[in-house]
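Take a moment to turn the model around on your screen before reading on. We will walk through it together, one part at a time.

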Amino acid sequence: MDHVIAAHGPVESTEVMGTVRGKVGMWLFLASDAITFGALLAAYGAMRIGSPDWPVPGQILDIPLTAFNTFVLICSSLTMVKALSAIRRGDLKGLQKFLLLTALGGVMFLSIQAYEWTHLIGHDGLRLRNNLFCATFFSLTGFHGAHVFSGVVYLLVIYFRSRKGDFTASNYTRVEVAGLYWHFVDLVWILVFTFVYLI
Amino acid sequence: MSMEQTDAAHAEPDYMKIFWWLLAFTIFEVGIIYAHIPHLILIVALILTALIKALLVAINFMHLRFERWTLIAVTILPLLLIVDLLLGLMPDIGHVPF
């Protein structure tokens, strides 16, 4: 245990529930965030099931484009685990490279979503207040997009900290915690994509 | 169990394999919506596929398989609350279009 404390420092090494404190804190935050997303999805489902004239999403939304966006986010999850693997091996350059690639994936996702929203609002005339479909679609995808944006900022903070040499093969908890957040954003999108776009 | 054992540092899943599975499931999801199959079967297939994908991410990318049960319980609790919310909403849904 002592060598772990030495490696992580006194703040990071404190255990809660047998796990590093930072990870427990992030899991608790993600649990509360999951309830928020769950409530949004449940409300979406309830309104959709209860509405006899709900539009077919495939006739309004660009499914192939969003499928590609899903692919981008899955790729960014892969680069995130590669970043963690790199720092576990003590490969700081690898960590930085994969962190930047992950952030780039996030920026790409947001750019495609911005293009989609611009098209839906500007070309198709969709507005948040138009109907229940528009209200739930913009709320869910917008809330998720805000999470992706926060994630990109978070990853860049970790990247700049890595440039200062803050992480080593024995001190990478903050990278792991950032990864948890990023994978959660990916996980939520998997559900949003299925429930809002495909069903 | 020492902290090193609870940490996922001691083992790593085959990330590339998980990635290919996620990609395959996504292609399956997009492909199936263009297939002419009964609506109910389509919805069940899509929901099951999405849940499998979400589990793959949580278990492998988020390393939930290496965590302690107390932490796994933290992740299960919100899911139970969401199911409870869905059940609570059911009486207010008058029309089921299946």
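Predicted model: local features only at pLDDT ≥ 70, side-chain atom pairs only at ≥ 80, totals over all residues.

What percentage of the 98 residues of chain B count as buried? The answer is 14%. Chain B has 4 helices and 0 strands, and its elements run α-α-α-α from the N terminus on.

Let's pick out one of these helices, α3(B). This helix has 23 residues, and from its first C-alpha to its last it reaches 32 Å, close to the 33 Å expected at 1.5 Å a residue. Which of its residues are buried? They are Ala50(B), Lys53(B), Val57(B), Asn60(B) and Phe61(B). Following α3(B) you will find His63(B), whose phi is positive, near 60 degrees.

That packing brings us to the place where the two chains touch. Chain A gives 41 residues to the contact, and chain B gives 43. On the chain B side, α1 (3–6), α2 (15–32), α3 (39–61) and α4 (69–89) each supply at least two residues. The largest share comes from α4(B), with 11 residues. Sorted by class, this side of chain B has 30 nonpolar, 6 polar and 7 charged residues.

Now move over to chain A and look for a pair of helices. Two packed helices are described by the angle between their axes and the distance between the axes. Helix α5 (residues 92–123) and helix α6 (residues 132–163) of chain A pack at an angle of about 155 degrees, and their axes are 9 Å apart. Because an angle over 145 degrees counts as roughly antiparallel, α5(A) is roughly antiparallel to α6(A). The crossing of α5(A) past α6(A) is left-handed.

Which residues make the contact between these two helices? From α5(A) they include Leu99(A), Ala103(A), Gly106(A) and Leu110(A). Among those from α6(A) are Gly145(A), Val148(A), Val152(A) and Tyr159(A). By class, the contact of α5(A) with α6(A) has 15 nonpolar, 8 polar and 1 charged residues.

How values were computed: Residues numbered from 1 in each chain as written. Chains lettered and ligands numbered in written order. Contact = placed C-beta atoms within 7 Å. Nonpolar A, V, L, I, M, F, W, Y, C, P; charged D, E, K, R; others polar. Buried ≥ 20, exposed ≤ 12 C-beta atoms within 10 Å, placed from the backbone. Expected span 1.5 Å × (residues − 1). Axes fitted to C-alpha atoms, helices over the stretch in contact; angles between N-to-C directions. Parallel < 35°, antiparallel > 145°, perpendicular 65-115°, else oblique. Left-handed = near helix turned anticlockwise from the far one by under 90°.
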